[in-house]
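Let's take a walk through this structure together, one stop at a time. Keep the 3D view open as you read.

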Amino acid sequence: MSAEATANIHPSEELNRFREEWKEEVRRKKSVAQAQASSLKAADTALPQQSASEATTKDKSPEIPRVAAHPTQGCFSHAPRVTDTTSAPLGPKLQRAVEVYRRAVLCEQQSNLDEALELYRIAFRMDPNVDRAYHKIEAQSYINANAPIIQQSPHSTSGPKGTSINEVTQGLKSLDIHSVVVPAIESGDAVPQGSLASIMAEWPHELQFLPEDERQPVQLQKLPVEVLLVALRKLDTTALERFALVSRKARVLTLDMSIWRQFVEATYKPPQLRDLKELDGLSHSYQGDHRRLYIEQPRVRLDGVYIAICHYTRSGVSENAWFHPIHMVQYHRFLRFYPDGQVISLLSLAEPKDIIPILKPTLHVKGLSIGSWRLSGTTVHIESLIDPRPGCVNRHAFRMTLELRSRPLGRWNRLNFLAYDSVNIESGEVSPVPLKHDRGFHFSKVRSYS
């Protein structure tokens, strides 16, 4: 009987002991959560009181120091980046989240990573965009601290408040890497933009050629900038960009506007453009950056040939009924453009290495046609393609409509067929030519063509 009583009582006592331990753990977790909530509430109430006290006089209580505009420590710290230049006020909840985020950054800089990680989690739970708001506030405070103090007369109608807002707006725009403009170099007024400008903005003003061996002198450093620019104007674009990879000073020198202006003026003229007046509008749209104009503005490449490799299959003849040969035929289309508006089209079975050295208007072979071309936007119009061989009677002329595009490696090095028509010279009737086997053209640079 005693054994049965012991067996019945033992599980009950163990269950009661487990229940008490569980209740104690719940009470302990609840007390910790209440302590965290009370600390956050104290921080929230301290924020508006601190703002009110700063409006009248400095608070005597120790203030949490602000993080520098460009923190250099911590895996969570970032320099202030601004992509939104609006000055809309933050809501109370977001302000509290920013304050917690600022405390987290401070703890991280003091190497209190566990506390910083916990505060980061709390801040992001309060608002998922707290990091953007924090960087925006830090950038505004950085601009206000470094903005020049503009004194106004007491009789001025516009108060200093409006002036400071304009300065903050301009400063925020200057912090955006996509709108950074590097000042002009001494020898020209080139204005690089985009990613190149953001990189060059961090370079020092005094640049020079440095030797690979410090014990050896650099003779290039002794040449004046004017002499270097004269030498650089003798290079083509490829050699110029290779020289720019030498050093920072070489890159700055190759951005001289006079160098790239001569490339632009030599390239962008009819038939690349409708008329020469259009070039002034292009220069204004690119803000005087002739290098970017030369790279980004569509143009037909004249320093090489466009080649299309085409294939088709045909059935062969066999004496064996169990064997049916299929032949793959490969042929090439060549397009060579000239700056005077003339274009050569050649359809040949020969390899490019045999055709490129002899592809000239004086070449008289079957499959060669000569016509005219013009560029409109990214559309290349080739018209009046006829056989130039003496004694050949041309009853039809051909015309092509091609789309100028860029491949990943290079610019404006691909031509895709949009239309290919045959035009009756006497009646003017247009008949489309099927493009079943034809493919797009790929550009190949030819050194002798340059």
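Predicted model: local features only at pLDDT ≥ 70, side-chain atom pairs only at ≥ 80, totals over all residues.

What kind of peptide bond joins Pro270 and Pro271? The bond is cis, with omega at about 10 degrees.

Average pLDDT for the protein is 77, and 74% of the residues score at least 70. Two stretches call for some care. Over residues 1-9, pLDDT stays under 50, and the model gives that stretch zero contacts beyond four places in sequence. Residues 172-190 also stay under 50 in pLDDT, but here the model has 36 contacts beyond four places in sequence.

Now for the overall picture. The protein has 13 helices and nine strands. Of its 450 residues, 34% are buried. If you take the contacts with a separation of 6 or more, 55% of them are between residues 24 or more positions apart.

Back to the loops. Follow the chain to the loop between H11 and H12 and you'll find Gln287. Gln287 isn't a glycine, yet its phi is positive, at about 60 degrees. Most residues other than glycine have a negative phi. Trp412 is another case: its phi is near 50 degrees, again positive in a residue other than glycine. You'll find Trp412 in the loop between strand S6 (396-405) and strand S7 (414-424). Is Trp412 buried or exposed? Its relative accessibility is 9%, so Trp412 counts as buried.

Trp412 also leads us to Arg301. Setting aside neighbours within four places in sequence, Arg301 is in contact with Tyr306, Phe337, Arg411, Trp412 and Phe443. Arg301 sits in the loop between H12 and strand S1 (304-315). With 15% relative accessibility, Arg301 counts as buried, because the cut-off for buried is under 20%. Look across to Arg414 as well: 113 residues separate Arg301 and Arg414 in sequence, but from C-alpha to C-alpha they are 9.7 Å apart in space.

H8 gives the most, with five residues.

The structure holds 14 aromatic pairs. In one of them, the rings of Tyr101 and Tyr120 have their centres 5.1 Å apart and their planes at 70 degrees, so the pair is edge-to-face. This pair links distant parts of the chain: Tyr101 belongs to helix H2 (residues 92-109) and Tyr120 to helix H3 (residues 113-126), 19 residues apart. Tyr101 and Tyr120 are both buried. Tyr294 itself forms a tilted pair with Trp260, at 5.9 Å centre to centre and with 50 degrees between the planes. Trp260 lies in helix H10 (residues 257-267) and Tyr294 in helix H12 (residues 290-296), so this pair ties together parts that are 34 residues apart in sequence. Trp260 and Tyr294 are both buried as well.

Over the face of Tyr294 lies Arg299, 4.2 Å from the ring centre. Likewise, Arg336 lies over the face of Tyr449, at 3.5 Å from the ring centre.

Our last stop is Leu232, in helix H7 (residues 225-232). Leu232 has 5% relative accessibility, so it counts as buried. What does Leu232 touch, not counting residues up to four places away in sequence? Its partners are Leu240, Phe243, Leu253, Thr254 and Ile259. Leu232 and Asp256, meanwhile, are 24 residues apart in sequence and 9.6 Å apart in space, going from C-alpha to C-alpha.

Methods. Residues numbered from 1 in each chain as written. Heavy atoms only, no water. Phe/Tyr/Trp six-rings, centres within 6.5 Å; stacked < 30°, edge-to-face > 60°. Helix = DSSP H or I, 4+ residues; strand = E, 2+ residues; numbered from the N terminus. Buried < 20%, exposed > 50% of the residue type's maximum accessible area, 1.4 Å probe, protein only. Lys NZ or Arg CZ within 6 Å of the ring centre and 35° of its normal. pLDDT = per-residue confidence, 0-100. Contact = heavy atoms within 4.5 Å.
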